[in-house]
Amino acid sequence: MSTVKSSSTGHHHAHHYESADHEYQSSKQGVWLFLCTEILMFGGLFVGYAIFHHLFPETFKVGSKFTDVRYGATNTVVLLASSLSMALGIYYNQIRDKNKAVMALLFTLLCGVIFMVIKYLEYSHKIHLGLMPGDWYRGNAEELAQYVGGLEIPKNLPLYFSFYFMMTGLHGIHVLVGMGLITWVTIRTARGEFGPEYYTPVEGVGLFWHLVDLVWIYLFPLLYLVS
Amino acid sequence: MAHGTHEHHIIPLKTYWTVFAALIFLTVVTVAAAQIDFGALNALVAFGIASVKASLVLGIFMHLKYDNMMNRVIIGSGVFFLLLFWFFSIIDIVTRIPQNSTL
């Protein structure tokens, strides 16, 4: 196969790379290194959750009564669908089908919006009940009793909501950042800047978006299905 | 890692859709399994299913199955050190003796 120096997308690899593929592989490796740090950042919260769940199982059991598994499951499906369409956004760039690539990426963006709207509904319900983390907790034990089916409201219930808001909040920020990045690659795809020879930014943003989905895959059983 | 110019591996559409169907199915299994009490194994079952889902996303959606070894080592080391962190934290916390214990 002959070496293609320029491509129809007009992208030339930077001079410090040997070839376009060298640039592609290096860029992708950088994204994977970043994802590794992301796993370690979320990991701290997961280990903290494991420790406190072991120390105060009742607190977490009562806390999870205030999450609605229907919202959580819907958001899981929404994120999985967005992961599929993100992968398809890359696929259609790989086979030079610009219109379908843009459609797939726009669908991914729409899923991000749906996810955040459901998150907003969940957050407002909890804030309304005063179920805030730490010092901001304003829960009224009598008012909360109807939600927990005879269970006693533990004194350290704010602990659960510290974890809930910290974990879903950090995840939600990642969704928002991901939506911004997807908007960027959607515009560039629509401008015809990508094709089979060069789609590195779409691949990188895709990896990030899939990681956001990966974190949610673990958060869903952890926060909504604690028995 | 080859630096030559070569075609990127393109995963067929059908594979993407099959993986998506499997992920939705496993989400249903997660919710269903949560209704059953496996006792001490509850967390293990939930995390086991989640890990199968995670492997599918990593392998196919994130192309790791067809990627070079280095990227697998990078993400594997992240997971390994997280498990190490978790393991030593857990054996610390579960082997503590309460201060009011008569032991």
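Tutor: Here is a walk through chain B, from its overall build down to one residue.

A quick note on the ground rules: this is a predicted model, where local features need pLDDT of at least 70, side-chain atom pairs count only at pLDDT 80 or more, and totals for chains, interfaces and linings use all residues. Residues are numbered from 1 along each chain as its sequence is written, while chains are lettered from A and ligands numbered from 1 in the order in which they are written.

Chain B has three helices and zero strands, so you'll read its elements as α-α-α from the N terminus on (helices are DSSP runs of H or I with at least four residues, strands are E runs of at least two, numbered from the N terminus). With a radius of gyration of 20 Å, well over the 13 Å that the globule rule gives for 103 residues, chain B is more spread out than a compact globule (the radius is taken over C-alpha atoms, and the rule is 2.2 Å times the number of residues to the power 0.38). Its C-alpha trace spans about 70 × 35 × 10 Å along the principal axes.

Now the helix pair. Helix 1 (residues 13–35) and helix 2 (residues 42–61) of chain B have axes that come within 10 Å and cross at roughly 170° (axes are lines fitted to C-alpha atoms over the stretch in contact, and angles run from 0 to 180 degrees between N-to-C directions). That makes helix 1 of chain B roughly antiparallel to helix 2 of chain B, the word for angles over 145 degrees. Among the residues making the contact are Y16(B), L23(B) and L26(B) from helix 1 of chain B, and I49(B), K53(B) and F61(B) from helix 2 of chain B (contact means C-beta atoms, placed from the backbone, within 7 Å). By class, the residues of this contact are 15 nonpolar, two polar and one charged (Ala, Val, Leu, Ile, Met, Phe, Trp, Tyr, Cys and Pro count as nonpolar, Asp, Glu, Lys and Arg as charged, the others, Gly among them, as polar).

Move on to the loop between helix 2 and helix 3 (69–94) of chain B, and you'll find H63(B). H63(B) isn't a glycine, yet it has a positive phi of about 65°. H63(B) is also buried, with 21 other C-beta atoms within 10 Å (buried takes 20 or more). Buried residues make up 17% of the 103 residues in chain B.

Conventions
Parallel < 35°, antiparallel > 145°, perpendicular 65-115°, else oblique. Contact = placed C-beta atoms within 7 Å. Buried ≥ 20, exposed ≤ 12 C-beta atoms within 10 Å, placed from the backbone.
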